[in-house]
Amino acid sequence: MAEDKQKIVQVKHLKQYFNIGKPNEVKAVDDISFDIYKGETFGLVGESGSGKSTTGRSIIRLYDPTDGQILFNGQDISKIKSHGPQMKKFRREMQMIFQDPYASLNPRMKVKDIIAEGLDVHGLTKNSEDRDKRVRELLDMVHLNPEHMTRYPYEFSGGQRQRIGIARALAVDPEFIIADEPISALDVSIQAQVVNLMQDIQKDQGLTYMFIAHDLSMVKYISDRIAVMYNGKIVELADSDEIYNHPLHSYTKSLLSAIPVPDPEIEKTRQRIDFDHKSSFHEGQKLQEVLPGHFLYCDDKKAATFK
Amino acid sequence: MDKILEVKNLHVNFATYNGTVQAIRGVNFDLSAGETLAIVGESGSGKSITVRSILQLLAKNADINKGTILYHGEDLLKKSKKEMDAIRGNKISMIFQDPMTSLDPTMTIGKQVAEPLLIHNKVSKKEALGRAEEVLRLVGIPNPKERMNDYPHQFSGGQRQRIVIAIAIVDYPEILIADEPTTALDVTVQAQIIDLLKELQQKIGTAIIFITHDLGVVAGIADRVAVMYAGKFVEYGSVDEIFYNPQHPYTWGLLDSMPTLDTNEEDHLNSIPGTPPNLLNPPKGDAFAPRNKYAMQIDLEEQPPFFKVSKTHYAATWLLHPDAPKVTPPKGIQKRFSKFKKLGDNE
């Protein structure tokens with residue numbers, strides 16, 4: 001990663017706890033720090049319960065972070081009020097694409113109203129003609145037929161609905177999009193369509209993505225850098241090729257060894273690596289840069305072995 | 001090999017408000033003792049309906065209007081409800097996709113695992129519970145004796161799926177149908193469950209019909225693979241034949257649209273354009289033709305028959321007709337072909 005790259009998001013010691021002070025307190029995100037550079041795709045992988053979705057939702061301020069800072073273009077957004085001009089401005093700059101294209105579109109709204117909701121909230125179009133024109137543009141951008149703008153979500157397939165979700169996110173011209181498992185509810189042949197579309201739009205508009213997923217082969221394909229989360233912590237972060245070719249953390253190794261590969265020869269000979277939670281975590285560990293651009297959650301002694 | 005199940009010319013229709021959906025349009029396959037057959041396809045392709053027809057677990061508006069399902073030579077479709085009850089969960093059992101909803105939340109897991117034995121074998125309750133404990137140990141539930149008295153919510157997703165498997169195998173079925181058994185699970189847990197199924201298969205010798213949309217999982221578990229599209233099988237063969245010598249453009253598309261770990265970000269993923277056809281009005285010709293860049297005029301007019309590729313490998317595509325022009329498959333598929341050649345040379 002080049003030094004002169006501009007940081008669009010800086011997460012510093014972010015903590016997101018739930019049920020604080022109660023017996024069922026959950027440390028969903030427990031002191032994580034990372035940066036996202038302008039124009040890149042930052043992949044966040046982990047299994048269910050690892051805190052990856054919570055991290056995304058904290059960054060876009062669907063939650064109020066328990067502790068820590070989130071800087072967006074240098075400005076601390078972790079404490080701005082949830083209703084107010086600052087938040088409204090911020091909401092235009094950062095958008096989200098959700099996992100379930102069936103649950104994330106209001107079934108009683110027409111597609112054009114779903115897509116234009118952000119335009120209306122921010123007063124981005126002058127009149128209804130202008131509004132329709134923009135919706136048509138957006139539908140065209142996601143390869144849907146603009147003629148279908150007066151239809152309802154149930155008239156579309158899963159892949160098409162996810163395109164509507166993407167058009168909605170793009171409507172307000174954001175700089176940064178968090179995509180939370182955007183393809184995991186889709187069929188294999190449709191997944192590739194949506195991923196290709198997201199990449200084309202990124203190139204066109206100069207967007208930055210945070211791509212949250214559990215499908216490691218797709219994450220590797222789409223991401224420039226990848227962070228691996230486990231138990232509320234980032235255990236490893238590096239360029240995506242580096243993570244795959246030289247994983248350092250035993251959890252990353254175990255995760256990689258479990259990905260099924262569509263090749264019988266590889267499957268027959270594969271060795272799965274088991275991960276032992278107890279022996280991998282102890283006091284005094286933190287995420288630190290052990291090789292250039294390669295961060296590992298470990299203690300200082302272990303970090304010194306890479307020097 | 002000994003064929004225990006033969007499905008012949010199966011047709012299933014669903015009556016809906018919009019008309020008749022032709023969900024299964026002539027499916028043929030057989031299953032030999034102890035083997036694993038994987039059926040791959042996208043949602044709506046009919047893979048679940050196919051296996052649910054075997055156990056007659058279809059919705060009320062379903063109509064199996066043609067075909068036979070022979071189990072040891074006897075047509076299951078002609079069995080009475082009572083006769084089917086004796087087979088279901090006993091000789092042929094099923095594992096469902098979602099471990100969160102396929103267990104009874106108000107019943108201890110020990111009782112749930114023992115239930116099929118009590119229903120089918122008329123063993124004593126004590127014996128049944130003893131067997132349940134044994135099977136729970138077999139599927140890897142720690143301290144089964146104590147945990148028998150726990151309820152489903154006290155277990156994780158992976159453990160629940162192990163319990164669902166325990167219920168399915170407690171009677172040592174001859175055929176185990178697994179309908180997307182790992183789709184709801186994390187990759188590391190998925191790997192454990194697949195290893196477990198393979199291990200159990202060796203121990204109790206059951207044949208498995210494994211349904212999934214994940215080709216990676218198929219490569220790891222199947223002996224034979226059938227690819228399904230729009231209510232029909234489009235290609236079937238041994239696992240090596242399907243992965244290294246695929247012939248149908250839909251199989252090519254499926255294999256090619258998944259990124260492998262050495263796919264570069266520079267090259268676009270090869271996606272299959274469009275969406276599957278609506279089976280209210282199935283197309284006249286090859287159902288895949290509108291999405292198939294290799295489609296010819298005849299694909300739009302007439303459904304392709306199965307062409308023989310080898311003794312075990314068949315594909316329904318006009319490209320295999322002797323008069324068809326030679327086409328160049330996608331690059332990723334050509335790589336697979338060269339691997340197939342190497343395999344052949346080694347044998």
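1. Starting with chain B: strand β1 (residues 3-16) and strand β4 (residues 62-71) of chain B run antiparallel and share 8 bridges. Strands here are DSSP E runs of at least two residues, helices are H or I runs of at least four, and both are numbered from the N terminus; two strands count as paired if DSSP finds at least two bridges between them. Within this pair, Val7(B) sits opposite Ile69(B) of β4(B).

2. Some housekeeping before going on. This is a predicted model, where local features need pLDDT of at least 70, side-chain atom pairs count only at pLDDT 80 or more, and totals for chains, interfaces and linings use all residues. Side-chain values use heavy atoms, with hydrogens and water left out, residues are numbered from 1 along each chain as its sequence is written, and chains are lettered from A and ligands numbered from 1 in the order in which they are written.

3. Back to β4(B), which also pairs with strand β5 (residues 74-75) of chain B, antiparallel again, over 2 bridges. Tyr71(B) faces Glu74(B) of β5(B). The hairpin of these two strands has 2 residues between them, and His72(B) takes a positive phi near 50° there.

4. Chain B also has an open sheet of 8 strands with mixed pairing, in the order β6-β7-β8-β3-β9-β10-β12-β11. At its edges stand β6 (92-95) and β11 (307-308) of chain B; each has a single partner strand, so one side of each has no neighbour in the sheet. Further in, β10 (residues 232-238) and β12 (residues 314-315) of chain B pair in the antiparallel sense over 2 bridges, and Glu235(B) has Ala315(B) in β12(B) as its bridge partner.

5. The chain A span is 38% helix and 25% strand, with its end C-alpha atoms 27 Å apart. For the chain B span the figures are 39% helix, 28% strand and 28 Å.

6. Now the interface: 34 residues of chain A are in contact (heavy atoms within 4.5 Å) with 42 residues of chain B. About 3300 Å² is buried between chain A and chain B, and carbon and sulfur atoms give 56% of that. Buried area here is the accessible area (1.4 Å probe) that two parts lose on being put together, summed over both. On the chain A side, Val188(A), Tyr221(A) and Pro262(A) lose the most area to chain B, together 21% of what that side buries.

7. For the polar part, the rule finds 12 residue pairs in polar contact across this interface, both residues at pLDDT 80 or more. Such a contact is a pair of N or O atoms within 3.5 Å; within protein, one must be able to donate a hydrogen and the other to accept it, and residues adjacent in sequence count only if both atoms are side-chain atoms. Helices α6 (188-205), α7 (216-222), α9 (250-258) and α10 (264-269) of chain A each supply at least two residues to the side touching chain B, with α6(A) giving the most, 9 residues.

8. Lys339(B) forms one with Asp263(A), the closest N and O atoms being 2.7 Å apart.

Methods
A salt bridge is a side-chain nitrogen of Lys or Arg within 4 Å of a carboxyl oxygen of Asp or Glu.
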